[in-house]
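Me: I have not looked at this structure before. Could you take me through some of its parts, one question at a time?

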Amino acid sequence: MRVLGVDPGLTRCGLGVVDGAPGRPFAVTAAGVLRTPADADTGHRLLLIERGIERWLDEYRPGAVAVERVSSRYGVRAVMGTAQVGAVAILCAARRGLPVAWHTSGEVKAAVTGSGVAGRAQVGATVTRLLRLDSPLGPAGAADALALAICHIRRAPALNRRQQVHTATPPSAPSPSAHAEPRTPG
């Protein structure tokens, strides 16, 4: 399985491509950061990020995209930019019919290190070890994107089972009140 991890950010958007399967060694295919000028218009910045993600999708042809879910613990401005970049990644994946999964930072930390409260240094060291790299990968956004891809590969079997159960379970019958006829005043 080849996964593109996206660590969304308006100034720095981390991208990382990992090949692997649960229980098998991982291999990094590519890692980097898309940067946009902080003084540029938001629309222009999103366009630059969209073009960059499209290039990565064209070049590396992942089978899935994993995006970090926005955390509300940051300020509104940071959350908005992160959410906008995450939406761009979803749009790019949707154009190709690629599945997209959202993972929280806690899920990523737990899947990579075994602890949902691991620090950035511990996550970086574990990613370095899992990918058999000689030294930690910089910048942080690229390492975070690789961690997202690893998380997705490790969680894929459970996510697939949950999706299969969800699609195999017939919807429950609506309650009678859900089909009540509209009433006219009067």
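Me: In which loop does R61 lie, and is R61 buried or exposed?
Reply: R61 lies in the loop between α1 and β4, where helices (H or I, at least four residues) and strands (E, at least two) are DSSP runs numbered from the N terminus. Phi of R61 is near 45°, a positive value in a residue other than glycine. Buried means under 20% relative accessible area, exposed over 50%, and partly exposed in between (1.4 Å probe, protein chains only). R61 has 64% relative accessibility, so R61 counts as exposed.

Me: What do the numbering and the values rest on?
Reply: Residues are numbered from 1 along each chain as its sequence is written, and side-chain values use heavy atoms, with hydrogens and water left out. This is a predicted model, in which local features need pLDDT of at least 70, side-chain atom pairs count only at pLDDT 80 or more, and totals for chains, interfaces and linings use all residues.

Me: What is the order of the strands in the open sheet?
Reply: Two strands pair if DSSP finds at least two bridges between them. The open sheet has 5 strands with mixed pairing, in the order β3-β2-β1-β4-β5.

Me: Which strands are the edge strands?
Reply: An edge strand here pairs on one side only. That holds for β3 (27-35) and β5 (100-103).

Me: Which residue of β3 is the bridge partner of C13?
Reply: Strand β2 (residues 12-19) runs antiparallel to β3, and 8 bridges join them. The bridge partner of C13 in β3 is L34.

Me: How far apart are the end C-alpha atoms of helix α2?
Reply: The expected span of a helix is 1.5 Å times one less than its number of residues. Helix α2 (residues 76-95) has 20 residues and therefore should span 28 Å. In agreement with this, its end C-alpha atoms are apart by 29 Å.

Me: What covers the buried residues of α2?
Reply: The buried residues in α2 are V79, G81, V85, G86, V88, A89, C92 and A93. What covers them, where contact means heavy atoms within 4.5 Å, includes β1, β2, α1, β4 and β5.

Me: Which residues is G116 in contact with, leaving aside its neighbours within four places in sequence?
Reply: G116 lies in the loop between α3 (105-113) and α4 (120-130), and is partly exposed at a relative accessible area of 35%. The C-alpha atoms of G116 and G106, 10 residues apart along the chain, are separated by 4.5 Å. With neighbours within four places in sequence left aside, the contacts of G116 are G106, K109 and A110.
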